[in-house]
Each structure stands twice: as C-alpha cells, then as structure tokens.
Amino acid sequence: MINLELYRIFAIVANEENLTRASNILHISQPAVTKHIKNLENELNIKLFKRSKYGMILTDNGKKLYLQIKDSINILNKAELLFNESRDINLGSHINILSRLFSKSISKYYKEFSNSTINVTNDSFDNMLSMLEKQKLDLVLSKKFSEDSYNPKLIKFTKLGSLHDVFIVRTDSKYKEKVFSKDDLKKETIYTPRKISKTTINLLKKLEISEEDSNIKNITYSTMLELLKTEDIIGIITKEYIKNELETNKLSILKTNFELEPIDFGIYYNIENRFKELQILIDIIKNESLK
C-alpha cells in the first residue's frame with residue numbers, strides 16, 4: 001500500500017530544500033522528517049536527496065519523482081483543506097492582554113481558518129494553567145509567573161516580549177508637575193488591577209508595603225479609565241495597554257524617581273497538545289510579536 005504521507009513530506013522537503021523549515025511546516029521534529037525521507041528512499045530503493053552547505057538538494061532520481069508527484073500532492077492538500085473541518089482552539093487570556101496585544105494575530109488566524117473558532121476563557125492565572133494541564137485549554141496568553149504555579153515539565157512558556165507598568169493620571173492632574181518618590185506614593189491612594197494581578201503584586205513589592213497597610217484600591221482596567229475621566233486619581237496600569245490614550249494625550253504618565261520592573265509576557269502551552277491549528281496560531285503569534 002502506498003504511504004501518501006511519505007510522499008507529502010518528500011514534496012515539502014523538496015520545496016523548502018531545508019529540513020528545519022520543512023519540520024516547522026509539518027509540525028514534527030527534524031529527526032522525524034529525516035526518518036520519513038529515509039523510509040521512502042528504502043521503499044523505492046533510490047537516493048532522493050544529497051546534503052550540501054546550501055541544504056537538501058534533489059538527486060536526479062529525486063527530481064524525476066518530484067516532477068511526477070507534485071501536482072497530485074497539491075490536489076490532495078487542497079482536498080484535505082476542503083473536506084476536513086478545522087479544529088476549534090480553547091484559549092485562556094486576560095481580556096486586556098488579548099485585546100491590546102494579540103488582536104492582530106487572532107484576526108490573521110481567522111483569515112486562514114475562517115471555519116475555525118477560538119473559544120476564549122477569562123480566569124485567574126492559576127485556574128487557566130490548571131485547565132491547560134488538563135487540556136481543557138489549548139493555549140494561555142499571559143504575563144509570566146513563577147514556575148511554582150504550574151508543572152514546568154508539562155507546561156512550557158515562550159517569551160514574546162516585556163510589558164512596563166506605569167503610574168497614570170489625567171492630563172490636567174494636580175499631580176502632574178511633581179516627581180514622586182516611593183515614600184510619596186505610600187501616602188497616596190493608588191488604584192490598581194485586581195489583587196492577584198502581576199501589576200499589583202509588583203507594586204506592593206516595589207513600595208515594600210502590604211495591601212492591608214496601604215491605600216491600594218483594586219478596580220478593573222475599564223473602570224479605572226472611566227474614573228480617570230471624572231476624578232483626579234493615581235492609577236497604575238501596563239503602558240502597552242494604553243498606547244492610544246497616551247499618544248492622543250488623554251492620559252499622562254506620573255513622574256517618579258524610580259521605575260517598576262518590566263514583566264515578561266508570552267505563551268503557555270501543554271507540550272502534549274500540538275494539533276495543526278494550534279501550532280499555526282502559535283506561529284502567527286510569534287511572527288507578529290517580532291514586528
């Protein structure tokens with residue numbers, strides 16, 4: 001019986017002339033690609049490729065085979081896309097990081113998989129990572145937390161960049177002209193995201209205070225933006241989330257004589273869960289983050 005998958009892998013390696021690129025397209029390891037090519041060579045009893053510093057080069061027999069099968073492989077690939085329904089993706093993310101940082105990636109994915117659905121869950125980091133371990137979620141977009149929060153042998157984190165928390169005020173705020181120290185801020189009421197957020201945790205650590213001994217008030221991101229329209233308050237929020245508000249002078253960054261530590265953000269995924277649509281979404285997110 002003819003193993004069509006071997007011929008499909010052969011065609012991709014022939015097109016790419018590179019094992020690493022072929023491996024990325026196929027979503028299998030490079031040794032696995034090499035093994036499949038070897039199996040096809042053994043089956044046909046011919047040498048298909050020769051290695052060179054330029055990559056994988058087709059032999060004369062390899063060229064003959066490629067010319068015979070390339071049109072058929074293209075037809076089969078199109079048929080697979082036509083009749084195989086795309087698998088839905090269950091994604092965990094805090095709403096702000098999803099809408100502010102990943103909306104372009106999600107839109108690009110939908111252009112390629114219009115029949116697929118991304119189901120979004122918004123929950124605490126601990127709950128989302130627990131769901132990821134149980135494969136109830138396929139992917140989590142989040143700021144980076146300690147590995148003590150999850151099983152690093154099962155869950156992997158890929159860093160995409162860093163986020164920067166800042167203190168914000170209205171553009172006409174009475175606080176705007178002053179440069180605040182940590183001691184100054186300890187005396188002020190500061191509006192922060194929810195208690196368990198990375199932003200709030202880092203703020204308390206930086207000011208060396210506990211939430212019980214401070215004037216910290218936890219509100220949602222959207223509530224903070226609404227409150228800043230009518231009240232002269234000090235809030236703390238991730239700078240990258242309010243890029244538009246800062247560029248249009250709707251908000252200002254409070255001057256301080258210190259900076260908060262940047263926070264890494266990225267992708268959490270279960271290494272046992274790597275189906276095609278998920279891997280393509282991950283690749284899109286990674287590529288978009290480099291732009």
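**Helix crossing, hairpin and a buried helix face**

Modeller: Helix α1 passes helix α3 in a left-handed crossing, meaning the near helix is turned anticlockwise from the far one by less than a right angle. This is a predicted model, where local features need pLDDT of at least 70, side-chain atom pairs count only at pLDDT 80 or more, and totals for chains, interfaces and linings use all residues. Residues are numbered from 1 along each chain as its sequence is written, and side-chain values use heavy atoms, without hydrogens and water.

Colleague: How are α1 and α3 oriented to each other?

Modeller: The axes, lines fitted to C-alpha atoms over the stretch in contact, come within 9 Å and cross at roughly 115°. Angles run from 0 to 180 degrees between N-to-C directions. The class for 65 to 115 degrees applies, so α1 is roughly perpendicular to α3.

Colleague: Which residues of α1 make the contact with α3?

Modeller: Contact means heavy atoms within 4.5 Å. On α3, the contact residues are Val33, His36, Ile37, Asn39, Leu40, Glu43 and Leu44. On α1, they are Leu6, Tyr7, Ile9, Phe10 and Val13.

Colleague: How many bridges join β1 to β2?

Modeller: Strands are DSSP E runs of at least two residues, and two strands pair if DSSP finds at least two bridges between them. A hairpin links β1 to β2 through two residues. The strands run antiparallel, and the number of bridges is four.

Colleague: Which residues of α9 are buried?

Modeller: Helix α9 covers residues 198-207. Buried means under 20% relative accessible area, with a 1.4 Å probe and protein chains only. The buried residues are Thr199, Thr200, Asn202, Leu203, Leu204 and Leu207.

How values were computed. Buried < 20%, exposed > 50% of the residue type's maximum accessible area, 1.4 Å probe, protein only. Parallel < 35°, antiparallel > 145°, perpendicular 65-115°, else oblique.
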